[in-house]
Amino acid sequence: MLIRDECAYLKRKLQEQGTSLRKVFDEVRFQQACDLIDQDIYDYQVLAEKLSYTHVNNFVRAFKRWSGITPREYMRLRDNQLLNKSAFC
């Protein structure tokens with residue numbers, strides 16, 4: 001009963017802030033993905049595993065949902081120093 005009450009409280013407080021637990025998790029995962037790429041980890045399989053995705057395609061779709069671009073596009077922009085990081089991460 002206590003855990004259910006705490007979950008309901010958390011859900012209510014997040015809604016008051018205009019967010020949800022999923023949005024919070026997505027923000028954290030996206031920041032972690034950007035941090036890993038900034039550490040020159042470019043292998044999709046490694047990125048997916050470190051972010052607890054079971055399939056690479058799921059990671060790529062999530063990254064595109066978060067940023068509007070694929071991880072490969074993000075890496076290319078970053079490497080060409082065309083990326084305004086504050087716009088993404």
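**Thr-70 and its surroundings**

Colleague: Which residues does Thr-70 touch, leaving out those up to four places away in sequence?
Modeller: Thr-70 touches Phe-63 and Lys-64 on that count. Keep in mind that this is a predicted model.

Colleague: Where does Thr-70 lie?
Modeller: In the loop between α4 (56-67) and α5 (71-79).

Colleague: Is Thr-70 buried or exposed?
Modeller: Its relative accessible area is 19%. The cut-off for buried is under 20%, so Thr-70 is buried.

Colleague: On to α5. Which of its residues are buried?
Modeller: Pro-71, Tyr-74, Met-75 and Leu-77.

Colleague: Why do those residues end up on the same side of α5?
Modeller: Because they cover an arc of only 165 degrees around the axis.

Colleague: What about the backbone just after α5?
Modeller: Gln-81 sits there, with a positive phi of about 55 degrees.

Colleague: Zooming out. How many helices and strands are in the protein chain?
Modeller: There are 6 helices and 0 strands. Along the sequence, the pattern reads α-α-α-α-α-α.

Colleague: What share of the residues is buried?
Modeller: Of the 89 residues in the protein chain, 30% are buried.

Colleague: And the contacts with a separation of 6 or more: what share comes from residues 24 or more positions apart?
Modeller: Those residues account for 44% of such contacts in the protein chain.

Colleague: Last one, the surface. What is the accessible surface of the protein chain, and what part belongs to carbon and sulfur atoms?
Modeller: The accessible surface comes to about 6,300 Å². Carbon and sulfur atoms hold 52% of that surface.

How values were computed:
Residues numbered from 1 in each chain as written. Predicted model: local features only at pLDDT ≥ 70, side-chain atom pairs only at ≥ 80, totals over all residues. Heavy atoms only, no water. Helix = DSSP H or I, 4+ residues; strand = E, 2+ residues; numbered from the N terminus. Buried < 20%, exposed > 50% of the residue type's maximum accessible area, 1.4 Å probe, protein only. Contact = heavy atoms within 4.5 Å. Areas by Shrake-Rupley, 256 points an atom, 1.4 Å probe, with all protein chains shown as cover. Arc of directions from axis to C-beta.
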